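Let's take a look at the charged pairs in this protein. The model and its sequence come up next.

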Amino acid sequence: MKNILVKILFFVSVVFFNTSFAATSTLIKTDQASLNLVAGEYANGIVSAGLHYKLKRGWKIYWREPGDTGYPPRLDWSKSENLKSADILWPVPKRMREKLTEGVYSESYGYEGEVLFPIKIVPEDVSKPIKVNVNVNYAICKEICIPAEADFILELSFPYKSEKESSLIKKYLS
């Protein structure tokens with residue numbers, strides 16, 4: 001009887017409290033920002049996810065077409081497992097104009113404060129967990145740009161849903 005109870009408790013803990021299948025990656029903090037990878041839900045063959053930045057006052061990152069200055073985030077998914085595709089959906093950026101010298105301005109497009117880049121992730125086989133392993137290269141800028149790099153890992157099994165992260169991702173899709 002004791003052996004059966006142990007097996008039941010083990011099963012319940014694996015199903016309901018498995019921390020290896022988290023909704024967010026490790027939070028990376030720098031002097032300029034904090035960032036992490038979040039997963040929202042799996043629906044219609046797609047996992048909604050997002051690369052979430054919280055930038056400190058005065059710092060910015062760039063859109064896919066940064067304009068005169070800047071470098072947009074570049075994501076490398078090559079170390080992921082069971083990943084068919086991952087497509088970033090760029091939120092509408094802010095137009096930023098900076099004075100370089102008298103009468104000369106630089107125009108760029110990017111984000112300040114908080115931004116989440118929604119990502120559509122498609123697994124190869126939904127009967128298996130997906131291991132999202134992404135390397136992010138980006139520039140974070142204030143008066144100068146600083147090149148930066150971050151690595152994130154998320155493991156997800158299906159079906160999957162996280163209300164908190166789904167709401168955050170939907171906010172940046174509209």
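## The overall tally

Keep in mind that this is a predicted model. Opposite charges on side chains can pair up when the charged atoms get close. Here, the count comes to seven salt bridges.

## Two links between strands E7 and E8

Start with Lys94, which forms a salt bridge with Glu112, their closest N and O atoms sitting 2.5 Å apart. This pair links distant parts of the chain: Lys94 belongs to strand E7 (residues 94-101) and Glu112 to strand E8 (residues 104-112), 18 residues apart. Lys94 is partly exposed, at 43% relative accessible area, and Glu112 is partly exposed too, at 37%.

Next comes Arg95, which forms a salt bridge with Glu107, again with 2.5 Å between the closest N and O atoms. Arg95 is in strand E7 and Glu107 in strand E8, so this pair ties together parts that are 12 residues apart in sequence. How exposed are the two partners, Arg95 and Glu107? Arg95 has 55% relative accessibility, so it counts as exposed, the cut-off being over 50%. Glu107 comes in at 21% and is partly exposed.

Lys99 forms a salt bridge with Glu102, and the closest N and O atoms are 3.1 Å apart. Lys99 counts as partly exposed at 48% relative accessibility, while Glu102 counts as exposed at 69%.

How values were computed:
Residues are numbered from 1 along each chain as its sequence is written. This is a predicted model: local features need pLDDT of at least 70, side-chain atom pairs count only at pLDDT 80 or more; totals for chains, interfaces and linings use all residues. Side-chain values use heavy atoms; hydrogens and water are left out. A salt bridge is a side-chain nitrogen of Lys or Arg within 4 Å of a carboxyl oxygen of Asp or Glu. Helices (H or I, at least four residues) and strands (E, at least two) are DSSP runs, numbered from the N terminus. Buried means under 20% relative accessible area, exposed over 50%, partly exposed in between (1.4 Å probe, protein chains only).
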